[in-house]
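The stops below run from the whole chain to single residues.

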Amino acid sequence: EIQTTPDAKFISAFHLTRVASKPMSSKRAKATPAQRALILRAANDMGIGEIQTTDCCPPDYCRVRIISCGICASDDHFLRNGRIGNFVVDEPMVLGHEAAGVVVEVGDDVVHLLVGDKVAIDPTVACGQCARCRESRTNLCQKVTCFATPPTHGALCTSLVHPARLCFKLPPPLTTIHGAMCEPLSVAVYAVETKAAVKAGQTVAVFGAGPIGVLTSLVAAANGCFVIAIDLNANRLLALKALLPQGVTTLAPRGSPEETAAAIRAAAAEQGGEDGIAASIDCTGAEACLRAAIFATRNGGVVVMVGLGRPDNSLPTVDALLREVRLEGCFRYRNTWPRAIELMASGKIPLDALVTHRFDFTDAGTREAFDACNRGQGSDGRAVIKCMIQLAPEPPTNGDS
């Protein structure tokens, strides 16, 4: 089953995305006229080129014209290194996985979407048949694919065909920029609400104030939690404080993980958190942060590991064992798009302030977006939280005059 077909130049090189639902009538559906996409050919070899997408839209799929796509640190990592762990870019690949757009075609069985609807796209497609999928733990499916994760193509292209069940309608006044933010917001929603399972009134420590760390702090605050955010970068902490002037305490790491943990516990006590740190959520992957998170968390609390760091770390496991501090892995997300959209529509997550830099879909614009993401600072000198690439003008919402 084929979702996209390449142009003649790359026909032998592209490993094509599979679709995980009803098969198409042929393995190589007739192609539409060439469209533009941001293609990573090898490490540090990226540019806009032409690809083709199938003109077949299966019954439970829809075709989406991509309007907005965010840049993630993983996109930049693939650009600089050509790989993340075992995921190696050994064939040309379309980048981008934080995408939203407008529906331009729906399959015969699709009833919840109409042409013209703005949608946020969940980029992960599970098989729906394995033991983990039957448990509704689709993010742990061994056959799961994700946009811009080799060998699956990404969403920085003119349009794509995707399962309609993974395309979520955006209610007014949300735009496709909000929709593209559903993907990183989903990471935070899953970490805070599912893995940490926080409750209102609890105190949560969040390690890291990059894009995912900021969103995690915002989601924790939206759930009624007190937040203590830890980061080495003072500018990032100031930016977070501006977003949550009343709901967050910020501090820099101390000389050792034990000293950092002590400072976090003291900050929790000053906030009135009588029961200590209920959950620590690490968005860095750094060993020092993971150690401090374990030491800081109260007896019976939970440490959620979101950030990807070194494959092996030295952690105080005996301390965690004796105090029954639970260590929870957190891989991507599952079933989070409706909640992410709900939080955005409620106004509890100030996403407009989080999209700090916007770029055109040109070779120069996309390269500048990746460089700003890599530096953590735009050419304007402002700190980067989220870079967004605009592939086309924002269309009117269905029903607007």
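Helices (H or I, at least four residues) and strands (E, at least two) are DSSP runs, numbered from the N terminus. By that count the protein has 12 helices and 21 strands. Its radius of gyration, taken over C-alpha atoms, is 21 Å, close to the 21 Å that the globule rule gives for 401 residues, so the protein is as compact as a globular protein of that length. The rule is 2.2 Å times the number of residues to the power 0.38.

This is a predicted model, in which local features need pLDDT of at least 70, side-chain atom pairs count only at pLDDT 80 or more, and totals for chains, interfaces and linings use all residues. Residues are numbered from 1 along each chain as its sequence is written, and side-chain values use heavy atoms, with hydrogens and water left out.

Select Asn-139, in the loop between helix 2 (131-134) and strand 11 (145-146). Asn-139 is buried, at 6% relative accessibility (buried is under 20% relative accessible area, exposed over 50%, partly exposed in between; 1.4 Å probe, protein chains only). Show contacts next (heavy atoms within 4.5 Å): leaving out residues up to four places away in sequence, Asn-139 touches Val-144, Tyr-190, Phe-331, Tyr-333 and Arg-334.

Now move to Val-318, in helix 9 (residues 317-322). Is Val-318 buried or exposed? Val-318 is exposed, with a relative accessible area of 54%.

Zoom out to finish. Of the 401 residues in the protein, 54% are buried. The C-alpha trace spans about 65 × 45 × 40 Å along its principal axes.
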